[in-house]
Amino acid sequence: MQQEGPAVTRTLDLASALEGPGGARSAGAAASNAYNQRSVLTIAFQFAYENHLRDNVAAMARQYVRSVVASVQRVAMAIAPSKLSLQMGPKSLPGSPEAVTLARWISRSYRFHTGMELLRLDSQAGDSLLKTLWHHSDAIMCCSMKTNAQPVFTFANQAGLDMLETTLIALQDILLDKILDEAGRKTLCSEFGKIMQQGFAYLPAGVCVSSMGRPVSYEQAIAWKVLDEEDSNHCLAFMFMNWSFL
């Protein structure tokens with residue numbers, strides 16, 4: 001829709017931007033495959049903008065909508081945990097082939113770099129490996145390693161989502177730098193070369209911040225490179241051990 005006037009504005013349709021992997025519709029579709037009864041909440045948004053601000057407003061709008069979706073999910077889980085827990089949060093285990101493959105790469109790379117087992121289930125079916133990773137007591141999360149781009153989170157197990165106080169849908173909007181405090185950023189910066197050369201590095205106890213602004217302490221963390229089937233760098237994984245909200 002276009003409105004004529006001194007300041008020309010248009011309405012952004014964000015439906016297509018939220019579809020596909022990680023989108024709200026794909027998450028609902030996955031749940032509907034296993035459950036016939038579900039409730040559907042439809043919310044429409046309109047964002048007016050001037051032409052020269054299109055990209056900035058679009059980025060802001062996508063982040064805002066994802067935040068609203070995440071908030072609605074948290075409220076829904078709180079008021080009806082017995083029903084929605086089967087469809088959302090920790091119980092909406094991402095069982096796609098991509099998730100199973102990523103779980104195998106995370107576990108195999110951890111063993112390759114550290115010489116220790118992370119999950120001890122490599123000989124079992126991929127689904128079992130993914131479930132064990134998903135329910136691991138420590139917060140495990142992966143972030144991108146794109147050149148000339150800030151690292152953003154691409155995957156987290158249930159403990160990781162709990163620590164960040166987010167969902168799989170909203171996870172992709174969280175930057176690694178935003179959850180680390182100044183000391184954590186300095187430590188990671190000083191250890192990054194070691195991570196890239198040696199494949200992993202232990203990080204000392206520290207404090208980070210959830211997406212809701214709450215401080216989280218952890219006793220130790222480890223970062224390691226996740227390698228794909230061709231031993232190329234796929235992403236960077238972190239495990240925050242014995243974490244708790246302050």
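Buried means under 20% relative accessible area, exposed means over 50%, and partly exposed is what falls in between, with a 1.4 Å probe and protein chains only. Keep that in mind for the whole tour. What you have open is a predicted model, in which local features need pLDDT of at least 70, side-chain atom pairs count only at pLDDT 80 or more, and totals for chains, interfaces and linings use all residues. Residues are numbered from 1 along each chain as its sequence is written, and side-chain values use heavy atoms, with hydrogens and water left out.

**Stop 1**

Select Glu229, which is partly exposed at a relative accessible area of 45%. (A salt bridge here is a side-chain nitrogen of Lys or Arg within 4 Å of a carboxyl oxygen of Asp or Glu.) Between Arg104 and Glu229, the closest N and O atoms are 2.7 Å apart. Arg104 sits in helix 5 (residues 97–114) and Glu229 in the loop between strand 8 (220–227) and strand 9, so this pair ties together parts that are 125 residues apart in sequence. Helices (H or I, at least four residues) and strands (E, at least two) are DSSP runs, numbered from the N terminus.

Next, look at Glu229 with Arg108, a salt bridge of 3.4 Å, N to O. This pair also links distant parts of the chain, 121 residues apart, with Arg108 in helix 5. Arg104 is partly exposed at 34% relative accessibility, and Arg108 is partly exposed at 23%.

**Stop 2**

For another one, pick Lys186 and Glu182, whose side chains meet at 3.3 Å, N to O. Both lie in helix 9 (residues 182–198), 4 residues apart, or about one turn of the helix. Lys186 is exposed, with a relative accessible area of 55%.

**Stop 2: the nonpolar core**

A nonpolar core is a set of buried Ala, Val, Leu, Ile, Met, Phe, Trp, Tyr and Cys residues joined through side-chain atoms within 4.5 Å. Which members of the largest one touch the most other members? Select Ile106, Met141, Phe153, Met163, Trp224 and Phe238, out of 51 residues in that core. Then centre on Met141: leaving aside neighbours within four places in sequence, its contacts (heavy atoms within 4.5 Å) include Phe153, Met163, Leu236 and Phe240. A second, separate core has 7 residues, among them Tyr49, Val65, Val69 and Ile169.

**Stop 4**

Strands count as paired if DSSP finds at least two bridges between them. Strand 7 (residues 215–218) pairs with strand 10 over 2 bridges; click Val216 and you'll find its bridge partner, Phe245, in strand 10.

**Stop 3: two positive phi angles**

Hop to Asn242, in the loop between strand 9 (233–241) and strand 10. Asn242 has a positive phi of about 50° although it is not a glycine. Is Asn242 buried or partly exposed? Asn242 is partly exposed, at 48% relative accessible area. Finish on Glu165, in the loop between helix 7 (158–164) and helix 8 (176–179). Phi of Glu165 is near 50°, again positive, but Glu165 counts as buried at 17% relative accessibility.
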